[in-house]
Amino acid sequence: MGATGELGHLAVQELLRRGARVALTGRNERSLVGLAARTGCPTHTLDAHDLDACAASGPWARSVLGRLDGVLVTVGVAGFGHASAMPNAAAEQLMTVNALGPMAVLRGAVPVVRDGGFLAAVTGSIVNAPIIGSADYAASKSALACWLGVLAREVRARRVAVVDARFPHLDTGFASRTFVGSPPLLRQGADPAPVVHALLDDLIGHLEGPEQRRGAGIRQRAEHAPPAPSPN
């Protein structure tokens, strides 16, 4: 999900280079058509606001691929502003695109992803270190991170890896494309390609077996989240 964005496009290119068969979803229909023409991959236009369509994307992917080893969600939208000044409509947009849409995609994929597969989503380092002026944006990413942590425990018996990819600030121009507010002054972001490739090393390593896994120190694995406290 998010194949037409920069991170998603990098992931698609690298997965194809490694011989994977990939089904692509994204909001930009024109970009998807061009991507399909260049790669031959099946595509499906998907808007994060349509939660039922998001939930149906996993079953669609399995139907066109024949098997679903894993799902990677790279969608997101940036928005900044003090909590007291954030318009409610903007807060709803952040929560829908950054949390509810990805949750729906992965929720719908749970029954169809194969045992030993993976469910992954990009959250970001803002989950660990939210900054002033990012309350709603950070909350949306943190909501997804929390949800992934619980999901990980729910699918652990099937050996499905649930991965919360907390990427550092990357040089993608993402923050400058904010739809509300102005981004804070940020240092130069890191090159996104090695970060995406390292995540794919981890995901593919999981499919190949524990002995093939390689850690890169750039992401948080949701299946390693601390256990839930016992009820009183």
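Start by selecting threonine 43, which sits in strand β2 (residues 43-45); helices (H or I, at least four residues) and strands (E, at least two) are DSSP runs, numbered from the N terminus. This is a predicted model, in which local features need pLDDT of at least 70 and side-chain atom pairs count only at pLDDT 80 or more, while totals for chains, interfaces and linings use all residues. Residues are numbered from 1 along each chain as its sequence is written, and side-chain values use heavy atoms, with hydrogens and water left out.

**Threonine 43**

Threonine 43 counts as partly exposed because its relative accessibility is 29%. The classes are buried (under 20% relative accessible area), exposed (over 50%) and partly exposed in between, with a 1.4 Å probe and protein chains only. Show the neighbours next: leaving aside residues up to four places away in sequence, threonine 43 touches Leu24, Leu32, Ala36 and Trp60, where contact means heavy atoms within 4.5 Å. Then draw a C-alpha to C-alpha distance from threonine 43 to alanine 61, which gives 8.9 Å for a pair 18 residues apart in sequence.

**The whole chain**

Zoom out and colour by secondary structure. The chain has six helices and six strands, and from the N terminus on its elements run α-β-α-β-α-β-α-β-α-β-α-β. Of its 232 residues, 47% count as buried. Among contacts with a separation of 6 or more, 68% are between residues 24 or more positions apart.

Select β3 (residues 70-73) and β4 (residues 118-122), which run parallel and are joined by four bridges. Two strands pair if DSSP finds at least two bridges between them. Valine 73 is opposite alanine 121 in β4, and leucine 72 is opposite alanine 120 in β4. Right-handed here means that, with the strands pointing away from the viewer, the path from the first strand over the helix to the second runs clockwise.

Move on to β5 (161-165). Five bridges join β4 to β5, and the two run parallel. Phenylalanine 118 stands opposite alanine 161 in β5, while the bridge partner of alanine 121 in β5 is aspartate 164. On one side of β5 are Ala161, Val163 and Ala165, on the other Val162 and Asp164, and all are buried. The path from β4 through α5 to β5 is also a β-α-β crossover, and is right-handed.

Arginine 107 is in helix α4. Arginine 107 has a relative accessible area of 47% and is therefore partly exposed. From arginine 107 to leucine 119 the C-alpha to C-alpha distance is 9.4 Å, at 12 residues apart in sequence.

Select arginine 159 next, in the loop between α5 (135-155) and β5. Its phi is near 60°, a positive value in a residue other than glycine. Arginine 159 counts as exposed because its relative accessibility is 54%.

**Cavity and pocket**

On a 1 Å grid over the protein atoms alone, a cavity is a set of points where a 1.4 Å probe fits but cannot get out, and a pocket is an open set with protein on both sides within 12 Å along at least five of seven lines; lining residues have an atom within 4 Å of a point. Grid points are joined across faces, edges and corners, and a volume is the space filled by probe spheres set on the points.

The structure holds one cavity of 30 Å³ or more. To display the lining of the largest cavity, select Leu7, Ala11, Leu72, Thr74, Val122, Phe167, Val196 and Leu199. The elements giving two or more residues to this lining are α1 (6-17) and α6 (192-208). Seven of the lining residues are nonpolar, one is polar and none is charged. Nonpolar covers Ala, Val, Leu, Ile, Met, Phe, Trp, Tyr, Cys and Pro, charged covers Asp, Glu, Lys and Arg, and the others, Gly among them, are polar.

Last, go to the second largest pocket, with a volume of about 710 Å³. Of its 34 lining residues, Leu15, Arg21, Val22, Gly70 and Val71 are the closest to its centre. The lining of this pocket divides into 21 nonpolar, eight polar and five charged residues.
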